[in-house]
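Keep the structure open beside you and try each task before reading its solution.

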Amino acid sequence: MTVADFRAPLPTTGGIDVDRPGIPFGRLVGVELRKLVDTRAGFWLTASIGVIAAVIMVAMLIANRNDPENLNLGEFFGLMNIPTAIILPILAILLVTGEWSQRTALTTFTLEPRRKRIIGAKLVASLITGVAAVAVALVLGIIGNSIAAIAFADPAGAWGLGVAGFVNSFVIQAFGLLLGFGFAALILNTPGAVVAYFALPTALSVVSELVPWFKDNLGQWVDTTLTHMPFQSGEWATGGEWARLLVSGLIWIALPLGIGLVRVMRSEVK
């Protein structure tokens, strides 16, 4: 064997070139987006968003038939965001925990051993889904408002919807989605992450209602219900309101997600 033999190109194994670069990140994101609807749970959760939105639309038209001033694009758009705000975080949780509960982590991390890229792709896919959900809510709101404009006399069907209302809706959707994502990475178990997502912030909100001092002071920075309130309107939030939302995000999103990433990096795949 000569020195030239050692300089020869590395062999291939199973038809796969060991020098081949990693899977493109865009392809990883596409795979994670497909995983959102590939499972039965993901498919029906996604489908339920449209069903619930249609029910809300019909209920709103019936309930406000005598008060047509409430039938406007802003109201429709706000109500259409309700089902997505509940279901999107659950989809994000399933996207993360599915690798562990369905025992697909071994395959996923074998095809792409760099786990950070997998988690990054899941995070990007979740955010893309959040943008799409807000867009779908806007389309459904336009449909509902158009029906109101045709079925009822003025002032039904007003089209006023500021940019602030659209941005605020996306901020709330993204916050909830990232909150579920962080708990999923921390716990790596679907039931546990879902319970933590709903129970912990709710418990803190109860404390805020029962303890006035907490609500007026610390709760303004850590209670997500309170930090979300300024973003539930169509007005631009102030700098202080953004700061309180950011602090609550550091506590409820960044901290669990950071610890969860360490756990994902070190967990043994079985």
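**Exercise 1.** How many cavities of 30 Å³ or more does a search of the whole structure find?

*Solution.* Keep in mind that this is a predicted model. Searching the whole structure turns up two cavities of 30 Å³ or more.

**Exercise 2.** Find which residues line the largest cavity, then sort them by class.

*Solution.* Begin by picking out the lining: Val96, Glu99, Trp100, Phe109, Ile118, Ile119, Lys122, Leu188 and Val264. Next, look at the elements: helix 4 (73–101) and helix 6 (115–151) are those that give two or more residues to this lining. Finally, sort by class: seven lining residues are nonpolar, two are charged and none is polar. Glu and Lys count as charged, so Glu99 and Lys122 are the charged pair in this lining.

**Exercise 3.** Which residues line the second largest cavity, and which helix gives the most to that lining?

*Solution.* Start again with the residues. Around the second largest cavity you will find Leu36, Leu88, Leu91, Ala92, Ser126, Thr129 and Leu177. Now turn to the elements: two or more residues come from helix 4 and from helix 6. Helix 4 gives the most, with three residues.

Notes: Residues numbered from 1 in each chain as written. Predicted model: local features only at pLDDT ≥ 70, side-chain atom pairs only at ≥ 80, totals over all residues. Heavy atoms only, no water. 1 Å grid on protein atoms, 1.4 Å probe; cavity = no way out; pocket = protein on both sides within 12 Å on 5 of 7 lines; lining within 4 Å. Points joined across faces, edges and corners; volume = space filled by probe spheres on them. Helix = DSSP H or I, 4+ residues; strand = E, 2+ residues; numbered from the N terminus.
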